[in-house]
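Let's take a look at how this protein is put together. Have the sequence and the 3D view open as you read.

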Amino acid sequence: MLTKQQIRYCLDEIANMFPNAHCELVHRNPFELLIAVVLSAQCTDALVNKVTKQLFEKYKTPKDYVSVPLEELQQDIRSIGLYRNKAKNIQQLCRILIEQYNGEVPKSRDELMKLPGVGRKTANVVISVAFGVPAIAVDTHVERVSKRLGICRWKDSVLEVEETLMKKIPKEEWSVTHHRLIFFGRYHCKAQSPKCDVCPLLHLCREGKKRMKGKM
């Protein structure tokens with residue numbers, strides 16, 4: 001496991017590599033972000049952005065989503081994985097927003113997690129990006145990078161990864177670190193072909209050293 005000093009070094013290097021890391025889901029307001037994040041489960045941001053370009057022109061409020069037949073919404077998001085289930089969740093969560101929140105997106109993680117299709121990761125993204133609340137959303141990239149580097153243990157659950165990162169990273173850096181770790185995992189420390197040979201963290205990375213054994 002990395003020491004506090006080594007983690008600081010890693011975070012600073014990743015910040016140098018991706019100084020402009022940000023949420024890549026295109027949205028104009030908290031409601032659009034919520035819909036985009038629900039659609040992004042097990043799906044790339046690039047594909048979601050392709051679909052939401054037209055979707056957000058057609059549907060602008062929770063009422064718009066519940067005023068069409070479910071089948072129509074399914075067709076509008078058909079190219080996204082799990083589209084049937086996601087369409088159902090979107091209509092249900094829009095009804096709840098209308099009935100309980102006056103059509104507004106709640107600003108608390110606990111309230112957000114009561115909505116259909118919204119887990120802890122989704123709620124963390126929304127409170128962090130839309131409302132500026134410090135949070136670390138652990139997606140597949142954040143989990144992979146944290147475990148490969150040795151910030152977390154291989155056996156840690158997603159929640160344990162989040163809790164460990166929150167302990168080891170200053171609170172004021174949670175949100176920006178979340179974006180940087182995603183960029184690092186998405187564009188550098190990839191699942192299938194990580195760029196270990198050009199990685200500035202190789203000397204600290206247990207996984208990288210294993211991969212490069214015999215290649216050096």
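## Two domains

The chain splits into domain 1 (4–21 + 137–214) and domain 2 (30–131), with bounds from an automatic or database domain assignment. Their centres, taken over C-alpha atoms, are 28 Å apart.

Before going on: this is a predicted model, where local features need pLDDT of at least 70, side-chain atom pairs count only at pLDDT 80 or more, and totals for chains, interfaces and linings use all residues. Residues are numbered from 1 along each chain as its sequence is written, and side-chain values use heavy atoms, leaving out hydrogens and water.

## Where the domains meet

Here, 9 residues of domain 1 are in contact with 8 of domain 2 (contact means heavy atoms within 4.5 Å). About 610 Å² is buried between them, with carbon and sulfur atoms giving 52%; that is accessible area (1.4 Å probe) lost when the two parts are put together, summed over both. In domain 1, Ala137, Glu162 and Arg186 lose the most area to domain 2, together 49% of what that side buries.

There are 2 salt bridges between the domains (a side-chain nitrogen of Lys or Arg within 4 Å of a carboxyl oxygen of Asp or Glu). Glu162 also pairs up with Arg120 in a salt bridge, their closest N and O atoms 2.7 Å apart.

## A buried arginine

Is Arg148 buried or exposed? Arg148 is buried (under 20% relative accessible area, 1.4 Å probe, protein chains only), yet has no salt bridge. The nearest oppositely charged side chain, Glu207, is 4.3 Å away. The Arg148 side chain does reach the backbone oxygen of Lys190, at 2.8 Å.

Note on methods. Buried means under 20% relative accessible area, exposed over 50%, partly exposed in between (1.4 Å probe, protein chains only). Lys and Arg count as positive and Asp and Glu as negative; His and the chain ends are not counted. A polar contact is a pair of N or O atoms within 3.5 Å; within protein, one must be able to donate a hydrogen and the other to accept it, and residues adjacent in sequence count only if both atoms are side-chain atoms.
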